[in-house]
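This report describes selected features of the model shown below. Please keep the sequence and the 3D view at hand while reading.

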Amino acid sequence: MQSMTVNGVLIDDTFAEAFGMRATAIIVTAPTRKWALEAARSMTGFATSVIGCGCEAGIDVELSPSETPDGRPGCRILIFAVSTDELQKQLLKRVGQCILTSPGSACFAGLEGIEPLKLGSALRYFGDGWQISKKIGDRHYWRIPVMDGEFVCEATTGLTKSAVGGGNLLFLARSHEQALAVAEAAAETMSKIEGVILPFPGGVVRSGSKVGSKYKGMTASTNDAYAPTLRGQVESALDADVNAVLEIVIDGETSEVVAAAMAAGLRTAIELGPERGALRISAGNYGGKLGKFQYHLKDLLP
Amino acid sequence: MSGLTFTLLSEPPERLDLSPLTPQKLAGTRRREIEKIRLGLSKRGLAVGDLFRVSGDAGETIVFEGGSSRFDGVGAGMSGGEIRVGGDVGTQAGCKMAGGTILIEGSAGPYAGSGMSGGRLEIRGSAGDFAGGPLAGEMAGMSGGILIIRGRAGHRAGDRMRRGLLAVLDGCGDYAGSRMIAGTLVVLGRAGHMPGYLLRRGTLLLDQLPQSLSPSFVESGEWDSAFAPLINRHLISEGILEAPLLQKGTTRFCGDNAVLGKGEILLAAGG
């Protein structure tokens with residue numbers, strides 16, 4: 001693999017391979033910023049990967065009171081899944097268990113999509129007959145009586161089929177501290193791009209996987225080529241000076257925002273340089289056969 | 001913007017049915033043909049040309065220069081475009097309208113916005129009884145759209161309303177929102193006796209106590225909901241309110257418990 005060097009950081013001539021996904025967005029508000037974030041974090045918890053969680057979800061942006069439909073602090077949450085049915089299922093489970101339950105919360109559509117996904121129009125049954133339907137202008141809300149007043153929830157939100165999941169960057173560093181430093185810095189700049197989420201803890205994932213396993217029934221297993229302790233025993237992708245690799249995975253509403261987030265992450269990592277951060281930056285792919293989208297690192301360089 | 005102007009020549013000698021004069025019905029009609037449209041309801045059969053001087057060409061807007069309480073059915077059944085009346089109108093203004101806007105600069109008679117399902121009807125003056133209500137024999141009143149009465153409304157405004165927004169800005173008669181099925185009725189200024197009489201579902205917003213409150217509405221205490229800012233914002237954006245109406249201290253009454261009991265009266269703080 002040919003690579004080039006920018007500011008002392010090696011950039012592999014490779015690409016991130018990503019997949020088309022279904023996504024939706026909701027806006028969650030609460031009486032205070034604290035409770036808006038509590039609700040949102042709870043709802044987007046255990047949503048790192050579609051493989052084990054059913055969906056990938058995260059907070060897209062925090063919204064100030066002037067940006068929310070009800071004038072309270074809030075945030076916009078993005079949820080990604082592989083099918084419309086699974087997305088609908090995850091959306092209702094998560095809003096029902098984590099937003100409905102959170103003190104003072106309200107939930108609104110966060111996306112004008114090509115088709116509606118049920119939100120309040122399914123959760124309304126919690127009201128046991130006391131739920132109230134209200135149409136204001138062209139929007140439809142449900143008011144569900146709960147112990148601290150009313151849960152206000154828009155009837156539906158929108159679905160997009162042009163979402164992308166699985167954009168990624170791999171940071172290869174001399175030590176774990178340096179890998180963490182570059183991953184943290186990149187995750188921070190990347191999460192500022194609107195319309196993307198980094199679904200893993202703090203945006204960073206350490207257990208990248210390869211397809212297949214020696215064990216029957218395992219569809220994915222550890223990415224041994226990037227595991228430094230296996231260097232010498234397997235066909236390693238790591239040079240002698242690399243001792244830790246961290247990855248950032250990106251899901252975005254559109255392909256453009258995924259590319260923008262990857263470019264922002266690359267820029268941050270390159271600016272940090274090899275002494276404080278990554279010696280080398282790479283990306284994960286499956287040879288280009290599985291995913292519909294390819295993001296070549298050389299096209300995203302600053 | 002292209003459109004027609006009908007200038008009233010003198011007070012009409014009989015009641016008129018102006019429902020043929022909507023942007024949809026006149027689309028593509030030449031002025032000479034328009035002048036032949038019959039409007040009078042008596043055997044005299046007055047036509048447009050006998051009553052109005054017509055200018056302009058058929059288009060999106062229709063303007064009536066001058067008005068009369070004999071102008072019945074203004075904009076009835078319209079689905080788009082704009083009608084403005086520079087005076088009073090009679091009964092059934094905007095009856096069954098589905099879209100577009102009607103502005104009446106004077107007052108309207110009974111059944112204004114009766115059965116409307118969309119669009120916006122604004123009456124600068126007052127309106128008669130049964131604003132937004134059903135005509136005799138009909139099962140439901142207005143089912144969508146926005147009806148604004150900047151003056152006073154008569155009795156039973158919003159009777160059997162199903163959906164939509166009806167706002168009365170200077171008080172109303174008795175039994176506002178009677179038999180309401182759902183929807184939102186805002187009354188600023190004093191409402192008469194027993195608003196929400198036999199209301200099944202729907203919301204009545206009052207800024208002050210009505211003359212009397214039906215005993216079959218029960219108080220459910222102070223109402224604090226994220227829904228309040230939504231409705232405040234909508235009413236402000238529609239030019240109905242200048243400042244939020246539902247603030248802390250709003251009282252909610254549930255009813256009418258003589259019937260289904262799933263409606264509510266929201267009484268603004270200090271009201």
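Which residues of helix α1 (residues 33-43) of chain A are buried? In this predicted model, the buried residues of the helix are A:A36, A:A39, A:A40 and A:M43. They lie on the same side of α1(A), because the arc they cover around the axis is only 95°. The partners against which these buried residues pack are the strands β3 (15-29), β4 (56-63) and β5 (74-81), together with α3 (84-99), of chain A.

In chain B, strand β1 (residues 3-8) pairs with two strands, β3(B) and β4(B). The table sets out both pairings.

| Partner of β1(B) | Sense | Bridges | One bridge pair |
|---|---|---|---|
| β3(B), residues 52-56 | antiparallel | five bridges | B:T5 with B:S55 |
| β4(B), residues 61-65 | parallel | five bridges | B:F6 with B:F64 |

Chain B has a mean pLDDT of 96, with 100% of its residues at 70 or more.

The contact between the two chains involves 15 residues from chain A and nine residues from chain B. On the side of chain A that touches chain B, at least two residues come from each of β8 (132-136), β9 (139-146) and β10 (149-154). By class, this side of chain A comprises six charged, five nonpolar and four polar residues. For the complex, the predictor reports an ipTM of 0.93 and a pTM of 0.93.

Definitions and conventions:
Residues numbered from 1 in each chain as written. Chains lettered and ligands numbered in written order. Predicted model: local features only at pLDDT ≥ 70, side-chain atom pairs only at ≥ 80, totals over all residues. Pairing = 2+ DSSP bridges. Helix = DSSP H or I, 4+ residues; strand = E, 2+ residues; numbered from the N terminus. pLDDT = per-residue confidence, 0-100. Contact = placed C-beta atoms within 7 Å. Nonpolar A, V, L, I, M, F, W, Y, C, P; charged D, E, K, R; others polar. Buried ≥ 20, exposed ≤ 12 C-beta atoms within 10 Å, placed from the backbone. Arc of directions from axis to C-beta.
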